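Hi there,

Here is the structure I promised to send over. Have a look at it first, and then read on for my notes on its surface and its charged pairs.

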Amino acid sequence: AEGWNLVSGGSNESGIDDPNGIVIPNTLYGFGVGYEGATELALGEGYWLRFDDAGSNELTGGTVDNLLASLAEGWNLVSGGSNESGIDDPNGIVVPNTLYGFGVGYEPASSLQPGSGYWLRTSAAGDVTFTSAGAARVRPFTDRMKDANSISFNGNAIYFGVDVPDNEKLSYSLPPKPQVGSFDVRFAGDWKYTESSGIIELMNNTDMISIQYSIKDGSEWILESASGTV
């Protein structure tokens with residue numbers, strides 16, 4: 001898409017072939033100790049890359065059905081294999097509900113699509129396998145936001161007025177903020193929810209913003225701007 005995209009590398013370490021001239025130079029970034037400029041795309045890694053127009057390109061190479069990835073504790077930028085991939089996590093290091101792609105802001109994902117990059121959070125360093133062969137294994141997940149109040153900005157929902165057990169809170173954390181010029185909304189501290197009150201941090205890349213809300217607990221809530229306007 002035009003703007004920032006999360007992309008993956010091919011089956012070998014590769015550069016960028018840009019026959020349509022839509023890639024903005026010097027905008028390839030991986031993630032290590034923060035965002036780090038890159039010149040090549042490595043198998044299993046995800047990257048930010050910025051385009052000045054929508055378009056497509058092809059990556060060629062051998063087929064990768066099962067990809068062993070060594071992940072650091074915390075957030076990782078990853079990519080899967082040549083086909084739609086699930087996550088095989090035999091050691092239980094993946095934090096449930098923390099696989100995110102990027103479209104109009106961060107979007108939860110249930111699998112990894114070829115060509116796309118993703119954020120994934122772990123509770124400890126270790127290995128997982130991205131596999132297209134059969135059922136993948138991850139820890140079970142109960143969605144605590146299902147009956148929570150919500151407010152949406154340009155269709156991206158965050159939640160409030162809900163209690164989450166301490167051992168499940170990381171499942172509602174959000175990846176590092178995207179690159180400048182992207183859309184993003186979250187509660188301060190990189191959270192997708194707040195219990196009773198919170199500061200909303202908004203990155204808006206359009207002239208207009210659409211706000212919708214859903215109150216399910218029957219209480220009265222107030223949305224107040226930084227200037228004090230209700």
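This is a predicted model: local features need pLDDT of at least 70, side-chain atom pairs count only at pLDDT 80 or more; totals for chains, interfaces and linings use all residues.

L223 counts as partly exposed because its relative accessibility is 42%.

Now to the charges. The structure holds six salt bridges, and some of them are connected: D166, K169 and E195 are linked in a network. Within it, K169 pairs with D166, with the closest N and O atoms 3.2 Å apart. K169 also pairs with E195, where the closest N and O atoms are 3.9 Å apart. This second pair links distant parts of the chain, 26 residues apart: E195 is in the loop between β15 (193–194) and β16 (200–203), and K169 is in the loop between β13 (156–160) and β14 (184–187).

How accessible are the members of the network? D166 is exposed, at 65% relative accessible area. K169 is partly exposed, with 24%, and E195 also counts as partly exposed, at 34%.

Another salt bridge is worth a look on your screen: the side chains of D190 and R186 meet at 2.9 Å, N to O. Which of the two partners is buried? R186 is, since its relative accessible area is 0%, whereas D190 counts as partly exposed at 31%.

Happy browsing, and do write back with any thoughts!

Best wishes

Technical notes: Residues are numbered from 1 along each chain as its sequence is written. Side-chain values use heavy atoms; hydrogens and water are left out. Buried means under 20% relative accessible area, exposed over 50%, partly exposed in between (1.4 Å probe, protein chains only). A salt bridge is a side-chain nitrogen of Lys or Arg within 4 Å of a carboxyl oxygen of Asp or Glu. Helices (H or I, at least four residues) and strands (E, at least two) are DSSP runs, numbered from the N terminus.
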